[in-house]
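Dear colleague,

My notes on what was found in it follow directly after.

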Amino acid sequence: MSTTVLPIPSSAGPSNTNTYERSTQEPAWARRTLIGLALTFLTLFLFIPLISVFYEALKKGMDVYIAAITDPDAVSAIQLTLTAAAIAVPLNLIFGVAAAWAIAKFEFRGKNLLITLIDLPFSVSPVVSGLIYVLIFGLQGWLGPWLAEHDIKVIFAVPGIVLATLFVTVPFIARELIPLMQAQGTEEEEAAVVLGANGWQTFFHVTLPNVKWGLLYGVILCNARAMGEFGAVSVVSGHIRGSTNTLPLHVEILYNEYNFAAAFAVASLLALLALVTLALKTIVESKTRKQGSRGA
Amino acid sequence: MSNFKQHSVLPGFNLALGFTLLYLSLIVLIPLSAAFIRTASLSWVEFWNMVTTPRVLASYRLTFGASFAAALVNAVFGLLVAWVLVRYRFPGKKLVDALVDLPFALPTAVAGIALTALYAGNGWIGQFFEPFGIKIAFTPLGIFVALTFIGLPFVVRTVQPVLEDIEAELEEAAATLGATRFQTFSRVIFPTLFPALLTGFALAFARAIGEYGSVIFIAGNMPMVSEITPLLIITKLEQYDYAGATALAVVMLIISFVMLLIINLLQWWTRRRSALT
């Protein structure tokens, strides 16, 4: 088929730029209309909701805002949210690294099934994610009678919240690392092993430096979800103020009490967390792009 | 063992895979199986009756209808946003690109109360609809708004990379052969994007079906009218109707698994299509 190559006008001189642009680009009015439509949609559904969180939070003044976020119940909600994330993120980090090592560096049967199973929590409704733990650890659950006998509370207590958070955040780090480590292949690790490095040395000195940005990316996303999860945690929490309330649940309680200013004040903390997450994500993305172009 | 795994000089396979399987079983697989095992104690007729009462059927209609409408709107506007972000330059583009992921990062409860405040009759946006007798918050329309917000990044983020990879030569060839710009788009660009667009639609739809946090604030939660299926599960749980809640959870899980299968097939199709071009 490759007989004659037509002169493609991509590097053509200014003389025929106009005709060329007319045929491969939209006219200016169409461009402006499309940009306008897209930005209107995003404004209505994204930007205004984001701005309104901060507006509603500060509407009644700084004093009300400070009072809402330093309220003892709010502080204990912050502590519980941080605790749940501090347990869930490191555990899922270890899981993500182990899963990515097995999947990306070795060939074995059933690999695709394993990847699908790791993704499973993404497709399960948050409410169902909470419910399944109630079925196991709740009073009516499999382990319920045994736990009650030994006076261990899981459901309507902190362990249940941690478990539900773990469940919904399982895939985040693994799914960032797997494609990245697959793309990097096994040659560098094999060289390290042949030169006498042991497994841990190989991982920390060869693999980890190659995937550090992807790892950080996964940790950031995992953390955002861990701190923001609502549905799953709501089912297992029991909504006990000052003891089993995470930040999102505290927002709900304040809102349902018609304490809107306080609800939005606490919500603004979570919105800030989301903005920080997006900023970090953007930075990490540009770092990986640089790293990727250097590697290629 | 040699059948199961190819030989490699790298160490740590048994430890890594063993830990992965143990962790996944303890945190995900055994808990999920609990729902199915619990439901297995019901007879088929009992199960069927539980998941087809009029109130439950109304919640399916609402959940699927609103999710479908929201995913459809996201497909249209997601394609538009992806197009504008890839093809055009305008001030603030980088910021807009970063903020598209907001629904992924913003906790659903925050999205829920913000959208409710905006789309209520006296809210910034709701006040423009109120004079026409259109109520958005506390009606099924509000559920649609919340689900549109939640699903927004999916289509943009699946279409964007495919659009970036389309080679200029394709469009140039079409133009050289005499196609108008619209023909080039509908006959050349759109067919290339279609698998990704469909994948994004399916992802947004799947996410919307299970969504809870952002919906319950804006929905009004009236049985038969504005009560979504996940909320019905919570309601049954609060009434200590564990069997009913679990039966509904199993229905939702089966739907999730089917959606996961469809999405995997679509992604496979997308990869194959982009490998061909």
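A residue is taken as buried when its relative accessible area is under 20%. A:Asp119, with a relative accessible area of 16%, is therefore buried. Please bear in mind throughout that this is a predicted model. A:Asp119 belongs to helix α5 of chain A, which covers residues 111-123. Its side chain makes a polar contact of 2.9 Å with the side chain of A:Arg175. Apart from neighbours within four places in sequence, the contacts of A:Asp119 are A:Pro171 and A:Arg175.

Chain A contains 14 helices and 0 strands. Of its 296 residues, 49% are buried. Among contacts in chain A with a separation of 6 or more, 71% are between residues 24 or more positions apart.

The interface between chains A and B

How many residues of each chain take part in the contact between chain A and chain B? On the side of chain A there are 91 residues, and on the side of chain B there are 89. The area buried between the two chains is about 8100 Å², with carbon and sulfur atoms giving 81% of it. A:Phe41, A:Phe45 and A:Phe106 together supply 8% of the area that chain A buries against chain B, which is more than any other three residues.

Polar interactions are also present at this interface. Between chain A and chain B, 13 residue pairs are in polar contact, counting pairs with both residues at pLDDT 80 or more. Helix α2 of chain A, residues 28-58, gives the most to the side of chain A that touches chain B, with 19 residues. By class, that side of chain A has 63 nonpolar, 18 polar and 10 charged residues.

The count of salt bridges between chain A and chain B is 2. One of the salt bridges joins A:Glu26 to B:Arg181, with the closest N and O atoms 2.6 Å apart. Another joins the side chains of B:Asp101 and A:Lys281, at 2.5 Å from N to O. This pair crosses between chains: B:Asp101 is in the loop between α4 (93-99) and α5 (102-105) of chain B, whereas A:Lys281 is in helix α14 (residues 260-295) of chain A. B:Asp101 and A:Lys281 are both buried. These two residues also belong to a network of salt bridges that links A:Lys281, A:Glu285, B:Asp97, B:Asp101 and B:Arg157.

A:Glu56 counts as buried because its relative accessibility is 16%. Its side chain is joined to that of A:Lys59 by a polar contact of 3.3 Å. Leaving aside neighbours within four places in sequence, A:Glu56 is in contact with A:Ala261 and A:Phe264 of its own chain, and with B:Ala117 of chain B.

Salt bridges within the chains

Over all chains, a search of the whole structure finds 16 salt bridges. Within chain A, A:Lys105 forms a salt bridge with A:Glu189, the closest N and O atoms being 3.2 Å apart. This pair links distant parts of the chain, since A:Lys105 is in helix α4 (residues 72-105) and A:Glu189 is in helix α10 (residues 187-194), 84 residues apart. A:Lys105 and A:Glu189 are both buried.

Within chain B, the side chains of B:Asp241 and B:Lys236 meet in a salt bridge of 3.9 Å, N to O. Which of the classes buried, partly exposed or exposed applies to B:Asp241? B:Asp241 is partly exposed, because its relative accessible area is 28%. B:Lys236, by contrast, counts as buried, because its relative accessibility is 15%.

A further buried position

Finally, A:Leu249 is located in helix α13 of chain A, residues 247-256. The relative accessible area of A:Leu249 is 0%, so this residue is buried. The C-alpha atoms of A:Leu249 and A:Gly231 are separated by 9.1 Å, and the two residues are 18 residues apart along the chain.

With kind regards

Methods: Residues are numbered from 1 along each chain as its sequence is written. Chains are lettered from A and ligands numbered from 1 in the order in which they are written. This is a predicted model: local features need pLDDT of at least 70, side-chain atom pairs count only at pLDDT 80 or more; totals for chains, interfaces and linings use all residues. Side-chain values use heavy atoms; hydrogens and water are left out. Contact means heavy atoms within 4.5 Å. Buried area is the accessible area (1.4 Å probe) that two parts lose on being put together, summed over both. A salt bridge is a side-chain nitrogen of Lys or Arg within 4 Å of a carboxyl oxygen of Asp or Glu. A polar contact is a pair of N or O atoms within 3.5 Å; within protein, one must be able to donate a hydrogen and the other to accept it, and residues adjacent in sequence count only if both atoms are side-chain atoms. Helices (H or I, at least four residues) and strands (E, at least two) are DSSP runs, numbered from the N terminus. Ala, Val, Leu, Ile, Met, Phe, Trp, Tyr, Cys and Pro count as nonpolar, Asp, Glu, Lys and Arg as charged, and the others, Gly among them, as polar. Buried means under 20% relative accessible area, exposed over 50%, partly exposed in between (1.4 Å probe, protein chains only).
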